[in-house]
Amino acid sequence: MTDPITITASGVLDHARAEALAARVRAAVRNGKLDLVVTFTADAVLASAALPAFLLHAGAIVRHVGGGLHLAGEGPALEQLRALRLDQALTVDAIPGGGQ
């Protein structure tokens with residue numbers, strides 16, 4: 001397994017920021033990086049449904065090609081994603097190779 005690529009999400013995660021994050025994830029996958037960790041900073045807050053929808057879609061695609069999309073970090077955004085039950089479809093608060 002290769003080292004995971006970490007993509008940081010911070011601030012108010014509105015539609016524009018969700019699109020920017022999605023572009024970074026897509027670029028990583030295009031470059032053959034299939035173990036991805038999206039890390040949320042303490043100030044990250046969801047302000048759009050675009051990010052959860054994208055994360056679910058990206059997670060399914062990455063799993064289909066043998067990789068994984070993991071969510072880590074702290075703060076309101078991660079708690080909001082848990083409240084939306086994304087932890088049932090994606091690994092939350094776990095970093096590949098780093099344990100739970």
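In what order do the elements of the protein run from the N terminus on? They follow the pattern β-β-α-β-β-α-β-α-β.

**Figure 1. Overview of the predicted protein model.** The model shown is predicted, so that local features need pLDDT of at least 70 and side-chain atom pairs count only at pLDDT 80 or more, whereas totals for chains, interfaces and linings use all residues. Residues are numbered from 1 along each chain as its sequence is written, and side-chain values use heavy atoms, with hydrogens and water left out. The secondary structure comprises three helices and six strands; helices (H or I, at least four residues) and strands (E, at least two) are DSSP runs, numbered from the N terminus. The C-alpha trace spans about 35 × 30 × 20 Å along its principal axes. Of the 100 residues, 39% are buried, where buried means under 20% relative accessible area, exposed over 50%, and partly exposed in between (1.4 Å probe, protein chains only). Among contacts (heavy atoms within 4.5 Å) with a separation of 6 or more, 71% join residues 24 or more positions apart.

**Figure 2. The open sheet of four strands.** The strand order is β1-β3-β5-β6, with parallel pairing. Strands β1 and β6 stand at the edges with a single partner strand each, so one side of each has no neighbour in the sheet. Two strands count as paired if DSSP finds at least two bridges between them. Five bridges join β1 to β3, and Thr 8 stands opposite Thr 39 of β3. Between β3 and β5 there are six bridges, in the parallel sense. Here Val 37 stands opposite His 70, and Val 38 is opposite Leu 71. Strands β5 and β6 pair over two bridges, and the bridge partner of His 70 in β6 is Thr 91. Five of the six residues of β3 are buried, and β5 likewise has five of its six residues buried.

**Figure 3. The largest nonpolar core.** A nonpolar core is a set of buried Ala, Val, Leu, Ile, Met, Phe, Trp, Tyr and Cys residues joined through side-chain atoms within 4.5 Å. This core holds 27 residues, of which Leu 13, Val 38, Phe 40, Leu 51, Leu 55 and Leu 71 touch the most other members. Two or more residues each come from β1 (5-9), α1 (15-30), β3 (35-40), α2 (50-64), β5 (68-73) and α3 (76-83). Helix α2 gives the largest share, six residues. In soluble globular proteins, nonpolar side chains tend to be buried together.

**Figure 4. The surroundings of Leu 13.** Neighbours within four places in sequence are left aside in this view. The contacts of Leu 13 include Phe 40, Leu 51 and Ala 77. Leu 13 also contacts Ala 44, Val 45, Leu 46, Ala 47 and Ser 48.

Figure 5. Ala 77, Leu 78 and Leu 81 are the buried residues of α3. These residues lie on the same side of α3, because they cover an arc of only 100 degrees around the axis; the arc is that of the directions from the helix axis to the C-beta atoms. They pack against β2 (12-13), β3, β4 (45-46), α2, β5 and β6 (91-92). Arg 85 follows α3 and lies in the loop between α3 and β6. Its phi is near 70 degrees, a positive value in a residue other than glycine. Arg 85 counts as exposed, at 53% relative accessibility.

**Figure 6. Leu 56 in helix α2.** Leu 56 lies in α2 and is partly exposed, with a relative accessible area of 37%. When residues up to four places away in sequence are not counted, Leu 56 touches Leu 86, Ala 89 and Leu 90. Leu 56 and Leu 69 are 13 residues apart in sequence, and their C-alpha atoms are 9.2 Å apart in space.
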